[in-house]
Amino acid sequence: MSSLKYLRGLTLLPAAALLAGCDWVTMSPSGDIALQQRDLIIVSTVLMLLIIVPVIILTLVFAWRYRASNKEAEYQPDWDHSSQLELLIWAAPLLIIIALGAITWISTHTLDPYRELKRLDKKRGIAPSVQPLVVEVVSLDWKWLFIYPEQGIALVNEVAAPVDRPIQFKITSSTVMNSFFIPALAGQIYAMPGMETKLHAVINKPGEFEGFSANFSGAGFSHMKFKFHGLAADNFEAWVKKVKDGGGSLDRAGYLQLEKPSEAVPIQRYANVAPDLYGAILNRCVEAGKMCIRDMMAIDQGGGLGKPSAFNLTLEPAVAGGKPARTYVAAMCSINDPTDPIVSNASPRTN
C-alpha cells in the first residue's frame, strides 16, 4: 500500500515541475493598465466565489446529512416553501450581479483602450505637458512591424518604450485579422486590414517583456513573437541612437518585400522610414498608382465620379503571359502630396 502511495506521488512530480515553470505575468504585470485589469479579474472572481463556494459546501453537507444511512435526519416530504430561504437564495446572487454590473460599467470606460491615460499609476498623475510616445504597429505574415514617426525609425519584431511615459499604439494589419498582445503592459487589441485600432498604455518597470499574436493567422502564427523593452529615459534615447546608427532604410518598395509571408524572422532595424508609410499601409495604397481608401471615401462622399469611376475599375489590357497589368483601382485623382515620389512617378488616369 505504501509503495502505491509512493508511485502516486511520483506521478505528480511532472505536473509540479510544469507549474513551477509558469510565468504568471498576467497576474503580476508591470504596466498600470494591465495592473488594473488584473485587479478587475481578482475582484470579479472573488464576488463570484461568494456564491459558488457556499453552494459547493452546502451541496456536500446536504448529501452527507441526508444520506440514506442517516436515520436521524429530519424527513419532511410535504415541505414546499420557505420565504426566508427564497429570500436568501435570490437576494445574494442579485446583489452580486448588481455589484458586477457596476464594476463592469466603470471599468469599461476607465480601461477603454482608445481613452488617453489619466495617470501613471495609483499615486501619480500625468502632467498636461507630457505627450505620449506614438508607435505605429503593423501585423504582417508572420511578423510585427513597429514604426516610430517621432523618431523616424522602424523595427521588425522589437519594440521599446521609456518607463513612466504614456504610449499610444496605432494598430493595423497588412492582410488578415490578428491580435496585438503584451501581457505585462495591457490587454490584447485586434489588428485588421484597412482599419486602425488604438491602445493607450504605460510601462512602470524596466525590463524585457514578451509580446505575441493572440489570434491564429496561418502557418507562421507560432513565430509571431517579439520583445518589448521597458527602458529608462536615457536608455531609450541610447536605444534609438543605436537603431539610427546601425539600421537600414525602409521605403515603400522595401516594405512590399517585407510584407511577403515569412516565418521566424529575426529582428530587423531601419534608421529611416518612407514618409507616411503607415498611412499608406492603413489605406491599402503602398503600391505606386494605387488609389487610397481615403481617396475613395472622399470621392464617395462627394457623390462619386459616374462613368469615369466605372471605367477606372476595368482591367488594363493583358500583358505577356495573359495576366492583367493591374487588378486594383488606379488613382484618377489623389489628395496626396504631389511631391511624394510614389505619386509623382505614377501615371493616374484623368477622365
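**A walk from the pocket to the salt bridges**

The largest pocket here has a volume of about 380 Å³. (A pocket is an open set of points on a 1 Å grid where a 1.4 Å probe fits, with protein on both sides within 12 Å along at least five of seven lines; lining residues have an atom within 4 Å of a point. The volume is the space filled by probe spheres set on the points.) Keep in mind that this is a predicted model, where local features need pLDDT of at least 70 and side-chain atom pairs count only at pLDDT 80 or more, while totals for chains, interfaces and linings use all residues. Residues are numbered from 1 along each chain, and side-chain values use heavy atoms, leaving out hydrogens and water.

So who lines the pocket? Among the lining residues are Leu50, Phe62 and Leu85. Six residues, the largest share, come from α2. The lining splits into 11 nonpolar, no polar and no charged residues.

Now for the charges: the whole structure holds nine salt bridges, each a side-chain nitrogen of Lys or Arg within 4 Å of a carboxyl oxygen of Asp or Glu. One of them pairs Glu158 with Arg269, with the closest N and O atoms 3.0 Å apart. Glu158 sits in strand β4 and Arg269 in strand β12, so this pair ties together parts 111 residues apart in sequence. Glu158 counts as buried at 5% relative accessibility, while Arg269 is partly exposed at 32%.

Methods: Helices (H or I, at least four residues) and strands (E, at least two) are DSSP runs, numbered from the N terminus. Ala, Val, Leu, Ile, Met, Phe, Trp, Tyr, Cys and Pro count as nonpolar, Asp, Glu, Lys and Arg as charged, and the others, Gly among them, as polar. Buried means under 20% relative accessible area, exposed over 50%, partly exposed in between (1.4 Å probe, protein chains only).
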